[in-house]
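Biologist: Hi! Could you walk me through this one? I'm new to it.

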Amino acid sequence: MREITMGTNTTGMATSPLDGKELIEAALAIPPSSPGSEADAAAVRTTYAKESGSIGSVPPPASLKGMAKAVGELIQGRPPALLIDKLGERLAFERSGTRLYEALIAKYDADGSFEGGPTRADLEAIRDDEMRHAALVCGAMERLGADPTAMTPGADLVGLASSGVLSVAVEPRISFGQSLQALLIAELTDNDSWRMLIDLATAYGQTEMAAEFRAAEQHEAHHLELCRRWLSSLLALGARGEPTAPASPQQAA
Ligand SMILES: [Fe+2]
Ligand SMILES: [Fe+2]
């Protein structure tokens with residue numbers, strides 16, 4: 001485990017108070033070279049938001065059978081686009097979740113765990129849960145006649161939103177322990193998103209689907225609980241000044 005240590009960080013002004021003072025004086029004395037104000041920038045963003053198209057659409061069910069199912073009794077007359085969009089979103093997130101855990105396992109192999117932290121088997125078990133969740137959503141989409149390979153607007157959105165989380169996981173200078181902070185973001189989102197998807201499926205009359213998803217929601221609650229426990233253990237060790245890397249990967253596994 002790579003510890004947080006005092007080092008030669010020169011990003012703060014306190015490392016060079018004289019230069020810092022000059023920098024502030026110059027910033028106050030020299031007006032910004034680009035014209036306009038924050039309000040002008042906001043106005044441009046508003047214009048773009050009004051003029052830009054949407055982020056995408058939900059493809060209609062590929063097969064006639066699927067179409068009949070989607071618009072027929074299964075959906076109870078509601079337009080299926082929203083449910084399919086949110087299923088596509090969940091599929092994308094669970095697929096990324098699998099990759100997120102793969103990336104964490106690679107770091108675990110480099111750094112090892114810490115007292116109260118996960119074992120390799122813990123991480124593998126959650127990765128497998130995420131993979132099963134992706135397959136679960138995939139099956140649900142297929143039963144509605146939807147194409148699970150299509151990128152829905154929601155899938156695109158969560159791909160963009162979670163790109164930072166994945167970037168943290170694969171950044172080699174960020175340690176295994178530090179990466180758990182990004183995992184917390186993913187698991188918190190996982191929990192709320194499954195809950196909302198269950199509500200949506202229920203609203204669409206998809207009681208069987210909702211029941212299947214409840215099992216996934218329970219897994220996610222467990223993931224979050226573990227993630228919180230690992231992070232708390234890591235911080236507690238650090239606060240006590242104890243090493244956060246006593247266990248080698250082999251010992252911890
Ligand atoms: Fe998940
Ligand atoms: Fe999860």
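Modeller: Let's begin with E130 and E220, which are both buried. Buried means under 20% relative accessible area, exposed means over 50%, and partly exposed is in between, with a 1.4 Å probe and protein chains only.

Biologist: Before we go on, what kind of model is this, and how are things numbered?

Modeller: This is a predicted model, where local features need pLDDT of at least 70 and side-chain atom pairs count only at pLDDT 80 or more, while totals for chains, interfaces and linings use all residues. Residues are numbered from 1 along each chain as its sequence is written, chains are lettered from A and ligands numbered from 1 in the order in which they are written, and side-chain values use heavy atoms, with hydrogens and water left out.

Biologist: Thanks! Which residues coordinate the iron ion (ligand 2)?

Modeller: Its donors come from E130 (OE), E187 (OE, two entries), D190 (OD), E220 (OE) and H223 (ND1), at 2.0 to 2.6 Å. Donors are N, O and S atoms within 2.8 Å of the metal (3.2 Å for Na, K and Ca), and water is not among the atoms, so sites may look incomplete.

Biologist: And what is the geometry of that site?

Modeller: The site of the iron ion (ligand 2) is irregular, with angles of 53 to 155° among its six donor atoms. For reference, four donors count as tetrahedral if all angles lie between 85 and 135 degrees; four count as square planar and six as octahedral if opposite donors are over 155 degrees apart and all others between 65 and 115; anything else is irregular.

Biologist: How are those donors spaced along the chain?

Modeller: The pattern for the iron ion (ligand 2) is E-x56-E-x2-D-x29-E-x2-H. Within it, E130 in helix α5 and E220 in helix α9 (residues 207-239) link distant parts of the chain, 90 residues apart. Helices here are DSSP runs (H or I, at least four residues), numbered from the N terminus.

Biologist: What about the other iron, how far away is it?

Modeller: The iron ion (ligand 1) and the iron ion (ligand 2) are 3.3 Å apart, and E130 coordinates both. The protein donors of the iron ion (ligand 1) are from E94 (OE, two entries), E130 (OE), D190 (OD) and E220 (OE), lying 1.9 to 2.5 Å from it.

Biologist: Is E94 buried or exposed?

Modeller: E94 counts as buried, because its relative accessibility is 0%. E130 is buried too, with a relative accessible area of 1%.

Biologist: Switching to salt bridges, how many are there?

Modeller: The whole structure has 15. A salt bridge is a side-chain nitrogen of Lys or Arg within 4 Å of a carboxyl oxygen of Asp or Glu. One of them joins R90 and E94, with the closest N and O atoms 2.5 Å apart.

Biologist: Where do R90 and E94 sit relative to each other?

Modeller: They are four residues apart in helix α4 (residues 81-111), so about one helical turn separates them. An α-helix has 3.6 residues a turn, so residues three or four places apart point the same way.

Methods
Helix = DSSP H or I, 4+ residues; strand = E, 2+ residues; numbered from the N terminus.
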